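Open the model in your viewer and keep the sequence beside it. This tour tells you what to select next and what is there.

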Amino acid sequence: RWRILRDTDTEAYVKIEQVRRLQQQIMRKATQADKKEAMIREREKLYVELRRVLARQPGEKALEQLKVYEVSLKEKRSKLKSLNSELKMYQARVYECKYDIEKITKDLKVLKQEYFISKFKGNKAKQVSKSPPSDVGLSEDGGLEAFYRANPQHLHAANPPPSKARGAGSQSNSRSSSRHSENLNRK
């Protein structure tokens with residue numbers, strides 16, 4: 001049919017071909033326009049999403065406030081470090097003081113025991129000069145127990161001496177009291 005029209009009416013045929021080509025172009029352009037519209041819609045969605053994200057992000061004031069917080073945090077960290085070092089120093093000093101107190105307390109106990117032993121020895125010597133000599137020996141343990149029995153007010157002033165159940169020959173913890181007991185035993 002197109003061939004007949006081409007041979008008989010060439011002008012109409014050319015017009016029909018031209019219309020057909022233009023329709024194809026319109027169809028191509030329409031599909032391109034649809035694709036571009038879809039891209040535009042996607043870009044608009046992306047743009048709206050980015051605006052929401054930017055709206056949620058902090059502004060200039062928030063950034064300045066954040067910088068102020070960072071500076072104060074650094075200052076407080078350095079202050080905390082210095083306070084920790086001071087704390088460790090004071091703890092070490094407390095331990096030293098506790099050790100010194102324990103040492104002084106032990107020395108005081110030893111001195112009290114020596115004092116009471118010497119006082120008891122003086123009282124015993126007075127009694128010996130007034131009374132006839134007895135066969136009872138004066139050991140540190142036995143002498144202290146006798147002294148505490150005779151003078152109960154001094155019982156709480158020093159630690160009570162070890163009992164005879166431990167043995168009369170039990171050694172004292174400090175060197176000075178053991179030396180003193182040796183001196184007593186020699187006399």
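What percentage of the 187 residues of the protein count as buried? The figure is 13%. Buried means under 20% relative accessible area, exposed means over 50%, and partly exposed lies in between (1.4 Å probe, protein chains only).

A word on the source. This is a predicted model, so local features need pLDDT of at least 70 and side-chain atom pairs count only at pLDDT 80 or more, while totals for chains, interfaces and linings use all residues. Residues are numbered from 1 along each chain as its sequence is written, and side-chain values use heavy atoms, with hydrogens and water left out.

**Whole chain**

Show the cartoon. You will find five helices and zero strands. From the N terminus the order is α-α-α-α-α. Helices (H or I, at least four residues) and strands (E, at least two) are DSSP runs, numbered from the N terminus.

Switch to the surface. The protein exposes about 16,800 Å². Carbon and sulfur atoms supply 56% of that area. Accessible areas come from the Shrake-Rupley method with a 1.4 Å probe; for residues, only the protein chains shown count as cover.

Now consider contacts (heavy atoms within 4.5 Å). Take those between residues at least 6 apart in sequence: 57% of them join residues at least 24 apart.

**Salt bridges**

How many salt bridges does the structure hold? There are three. Each needs a side-chain nitrogen of Lys or Arg within 4 Å of a carboxyl oxygen of Asp or Glu.

*Stop one: R20 and E17.* Select helix 2, residues 10-56. Then pick R20 and E17, whose side chains meet at 2.8 Å, N to O. They are three residues apart in this helix, so about one helical turn separates them. Is E17 buried or exposed? E17 counts as buried, at 18% relative accessibility. R20 is partly exposed, at 42%.

*Stop two: R41 and E37.* Stay in helix 2, where both of these residues lie. R41 forms a salt bridge with E37, with the closest N and O atoms 3.9 Å apart. The two are four residues apart, about one turn of the helix. R41 counts as partly exposed at 47% relative accessibility. E37 also counts as partly exposed, at 43%.

*Stop three: E49 and R52.* Select this pair, again in helix 2. Their side chains meet in a salt bridge of 3.2 Å, N to O. The spacing is three residues, which means about one helical turn. E49 is partly exposed, with a relative accessible area of 36%. R52 is partly exposed too, at 47%.
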